[in-house]
Amino acid sequence: CAPARMTRASSPPQFDVLYDGGCGLCNRTVAVLTRLDWLGRLRFVDINAHWDRLEAMFPGVKRDACVDEMHVVSLPGRVTAGFEGFRTLAWQLPLLMLIAPVLHVPGVPLVGRLIYRYVATHRSTSCATGARKAG
C-alpha cells in the first residue's frame, strides 16, 4: 500500500494520502513527499489498488474526486483535497513547515488553488483517465 521507506518515527502514520497510482505526476509527487516525510507521518494509498477498502473506510470520499485531486485524510477523519491537502501536508513535513504559514496569507490560497487546478487538468490524458478506466 505504501512505498517502501525507512522511517525514524515509532508511531504509526497520522495521515492517509490518497493518490492516483496510474498517474506519473502523482507517483513522482508521492516519491518527493516520501523523501520529505522524515517523521513517518504519511501513508500513501493508491486509489486504483485499494479503492474497495478506501470506499469502506471513507464513505464520503468519491473515486472521481480522488482521480482529480490528491486527498489527505487525518486520523480523526478530516479530509482535505487539492491545494488544501497540500497545505495540510506542509504542516507535517519539516522542510515544508518553513513555507506552511505563507500558504495561509490572504490571496495565496486563491493562487494556489488555481495553480493546483491548472496542473491537475493538464496532466497527460492517460494519467487523468487511468483510474476511471480501471474502476
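Predicted model: local features only at pLDDT ≥ 70, side-chain atom pairs only at ≥ 80, totals over all residues.

Visitor: In what order do the strands of the open sheet come?
Guide: The order is E2-E1-E3-E4, and the pairing is mixed. At the edges are E2 and strand E4 (79–81), each pairing on one side only.

Visitor: In what sense do E1 and E2 pair?
Guide: E1 and E2 pair in the parallel sense, over five bridges. Within that pairing, Val 17 has Phe 44 in E2 as its bridge partner.

Visitor: And which strands does H4 lie across?
Guide: H4 lies across E1, E2, strand E3 (71–74) and E4, and runs at about 115° to E4. Helix H2 (residues 47–57) lies across E1 and E2, at about 110° to E2.

Visitor: Switching topic, how many residues are in the largest nonpolar core?
Guide: That core has 19 residues, and among those touching the most other members are Val 17, Phe 44 and Leu 89. H1 gives the most to this core, with four residues.

Visitor: What lies apart from it?
Guide: Another core, of ten residues, including Trp 51 and Val 73.

Visitor: Now Gln 92: buried or exposed?
Guide: Gln 92 counts as buried because its relative accessibility is 13%, and the cut-off for buried is under 20%.

Visitor: Where is Gln 92, then?
Guide: Gln 92 is in the loop between helix H4 (82–90) and helix H5 (108–121).

Visitor: Which side chain does Gln 92 join in a polar contact?
Guide: That of Arg 41, at 3.3 Å. Beyond its neighbours within four places in sequence, Gln 92 is also in contact with residues including Phe 15 and Met 97.

Definitions and conventions:
Residues numbered from 1 in each chain as written. Heavy atoms only, no water. Helix = DSSP H or I, 4+ residues; strand = E, 2+ residues; numbered from the N terminus. Buried < 20%, exposed > 50% of the residue type's maximum accessible area, 1.4 Å probe, protein only. Polar contact = N/O pair within 3.5 Å; in protein donor to acceptor, adjacent residues only side chain to side chain. Contact = heavy atoms within 4.5 Å. Core = buried A, V, L, I, M, F, W, Y, C linked by side-chain atoms within 4.5 Å. Pairing = 2+ DSSP bridges. Axes fitted to C-alpha atoms, helices over the stretch in contact; angles between N-to-C directions.
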